[in-house]
Amino acid sequence: MANKGPSYGLSRDVQSKIEKKYDDELEERLVEWIVVQCGAGVGRPERGRLGFQVWLKNGIVLSELVNSLYPEGSKPVKIPKPPPTMVFKQMEQVAQFLKAAEDYGVVKTDIFQTVDLFEGKDIAAVQRTVMALGSLAVTKNDGHYRGDPNWFMKKSQEYKRDFSESQLKEGKNVIGLQMGTNKGASQAGMTGYGRPRQIIS
């Protein structure tokens, strides 16, 4: 946000609402996981929104995070040495992380925009993306996740049922409750009311 002046009125209200969504407790948990997952080499940020943003801004920590969830030899993001210093290169690095996260299985609606991180517009969205990545890693349970599995919620998984041919045939004989029932009262033995309709030609 270096080139942006202060916001006023509605813009300021909107920005303050977005900033209130940022969760300090979640930040601690995510930092803890990233350090455990990637190793102490990634360092630790200063506490708070700004520290978290600066730590992730160049895309290197995020790239190392997503690479650590893949087996050796099939890392999806190339990490440049030394880390990029030019703004567009850093944004490109963040974009590579976002592409790799989506390929890993993070839903598009959970993925932040590059400017959310780079300009500090919505750091809570960055938290949501890292949270979704962690949840997927725990759910996949492929041996690449490091850390406490209780840090993240497991995503729901498909529960496939296999029915035998006889069970499927039995199901055809049952009338669903939406259609009423064939038990109880019936119109058997009833006659029509009144006189039959007179058709005269």
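User: Where does Gln93 lie?
Analyst: Gln93 lies in helix α5. Keep in mind that this is a predicted model.

User: Okay, and is Gln93 buried or exposed?
Analyst: Gln93 is buried, because its relative accessibility is 4% and the cut-off for buried is under 20%.

User: Which residues does Gln93 touch, leaving out those up to four places away in sequence?
Analyst: Gln93 touches Asn58, Gly59, Ile60 and Ser63, plus Val77, Lys78, Ile79 and Pro80.

User: What about Lys78, which atom of it lies 3.2 Å from a polar side-chain atom of Gln93?
Analyst: That's the backbone oxygen of Lys78.

User: Switching to confidence: which element has the highest mean pLDDT, and which the lowest?
Analyst: Helix α5, residues 87-104, comes out highest at 91, while helix α1, residues 9-20, is lowest at 72.

User: What's the mean for the protein chain?
Analyst: The mean pLDDT of the chain is 81, and 81% of its residues reach 70 or more.

User: New topic, helix α7. How many residues does it have, and how far does it reach?
Analyst: Helix α7 covers residues 123-140, so 18 residues, and spans 26 Å from first C-alpha to last, close to the 26 Å expected at 1.5 Å a residue.

User: How many of the residues of α7 are buried?
Analyst: 16 of its 18, meaning α7 is mostly covered.

User: What follows α7?
Analyst: Asn141 does, and its phi is positive, near 50 degrees.

Note on methods
Residues numbered from 1 in each chain as written. Predicted model: local features only at pLDDT ≥ 70, side-chain atom pairs only at ≥ 80, totals over all residues. Heavy atoms only, no water. pLDDT = per-residue confidence, 0-100. Helix = DSSP H or I, 4+ residues; strand = E, 2+ residues; numbered from the N terminus. Buried < 20%, exposed > 50% of the residue type's maximum accessible area, 1.4 Å probe, protein only. Contact = heavy atoms within 4.5 Å. Polar contact = N/O pair within 3.5 Å; in protein donor to acceptor, adjacent residues only side chain to side chain.
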